[in-house]
Amino acid sequence: MPRDIQIEFPDNQLASNLFGRNNEHLRIISRQLDVRLNARGNVVRIQGEDSEVALAEDLLRQLYGILQKGHPVYETDVSYAARTLAQDRNIKLEEIFLDTIFVSAKNKLITPKSPNQKAYIDAIRAHDMVVGIGPAGTGKTYLAMAMAVSFLLKKEVHRIVLTRPAVEAGEKLGFLPGDLAEKVNPYLRPLYDALHDMMDFDRAASLMQRGDVEVAPLAFMRGRTLNDAFVILDEAQNTTSEQMKMFLTRLGFGSKAVITGDVTQIDLPSGSRSGLVEISQILRGVEGIKFVFFTEKDVVRHPLVQEIILAYDRAERSGRGGFEGQG
């Protein structure tokens, strides 16, 4: 049944922030929830089917409540909030968006954007080892990095160790040109990128020079014991069973470990068993270890990424996962 309502927000400035520059936030909501929105001053008119209008009203009121508590709302936040609320009408957005992990070098608040992301950071706070498994773009590594930097700056750990297996996408270090650093850096670049998004370049360089932040390939972890450290193993689907066991047994006193990966993107040679797949089967239920599974609903990149992941999933389920070129 069609419905037509108006909502008046008491604070003109907050209403302006809610609607977005040139009403861009309202346009996002209109597209995602299939309603018509028109703003005049601090009043917004919502038109559409009854259920969609009710959803848009709830979304706007919850976002306004977040603004009232001094938390900024960005265009991406509006999009994620609309998607999250559409999936679960009982969600309280404040419980997700007001959980600030860290303020980045760009003065942007880093917060979870979905219930699974919220569960992930809560798990990191509560457990010594957390395994985040899911598709690209779900924030597994980025949020782990934000938590690590937060722990370091609050002196809850003495250092951060970021590591990845250095064999990916069919390439092996021995076949790449250059010395060891030149060979390793391309594989570790995403970790550097995330780190530099958290803090300015000079501060990151200073922490790395002092040894407070270390970025290294997984092979460099052998024989070490990592005490009072926040350790992140990224791209863990590309560890072998032996490498994963080696990594897991590096954890020392006062340390946390976060292991992230996507089991649909395994680049190991044929016949090699992924260490990430193995631990998802044998370590479930071990006290102190928490598994968090992400889906395409948690993707926080361009909206097309979510659709691309779904398209690949459908193709694999229908047996069309491999394609041959046609001349």
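Is the crossing of α6 and α7 left-handed or right-handed? Hi everyone, let's start there. The crossing is right-handed, and please keep in mind that we are looking at a predicted model.

Here is the geometry behind that pair. Helix α6 covers residues 115-126 and helix α7 covers residues 140-153; their axes come within 11 Å and cross at roughly 40°. That angle makes α6 oblique to α7. So who is touching whom? From α6, the contact brings in Gln117, Tyr120, Ile121, Ile124 and Arg125, and from α7 they meet Lys140, Leu143, Ala144 and Met147.

Now to another pair, α1 and α2. Helix α1 takes in residues 12-19 and helix α2 residues 24-33, with axes that come within 5 Å and cross at roughly 50°. Again the angle makes for an oblique pair, α1 against α2. Here Asn17, Leu18 and Phe19 of α1 meet Glu24, His25 and Leu26 of α2. The residues of that contact split into 3 nonpolar, 2 polar and 1 charged.

Last stop, the two ends of α9. Which residue caps the N-terminal end of this helix, residues 201-210? That would be Asp200, with a side-chain oxygen 3.2 Å from the backbone nitrogen of Asp202. Just after α9 comes Gly211, which takes a positive phi of about 85°.

Conventions
Residues are numbered from 1 along each chain as its sequence is written. This is a predicted model: local features need pLDDT of at least 70, side-chain atom pairs count only at pLDDT 80 or more; totals for chains, interfaces and linings use all residues. Side-chain values use heavy atoms; hydrogens and water are left out. Axes are lines fitted to C-alpha atoms, for helices over the stretch in contact, and angles run from 0 to 180 degrees between N-to-C directions. Helices (H or I, at least four residues) and strands (E, at least two) are DSSP runs, numbered from the N terminus. Angles under 35 degrees count as roughly parallel, over 145 as roughly antiparallel, 65 to 115 as roughly perpendicular and the rest as oblique. A crossing is left-handed if the near helix is turned anticlockwise from the far one by less than a right angle, and right-handed if clockwise. Contact means heavy atoms within 4.5 Å. Ala, Val, Leu, Ile, Met, Phe, Trp, Tyr, Cys and Pro count as nonpolar, Asp, Glu, Lys and Arg as charged, and the others, Gly among them, as polar. A polar contact is a pair of N or O atoms within 3.5 Å; within protein, one must be able to donate a hydrogen and the other to accept it, and residues adjacent in sequence count only if both atoms are side-chain atoms.
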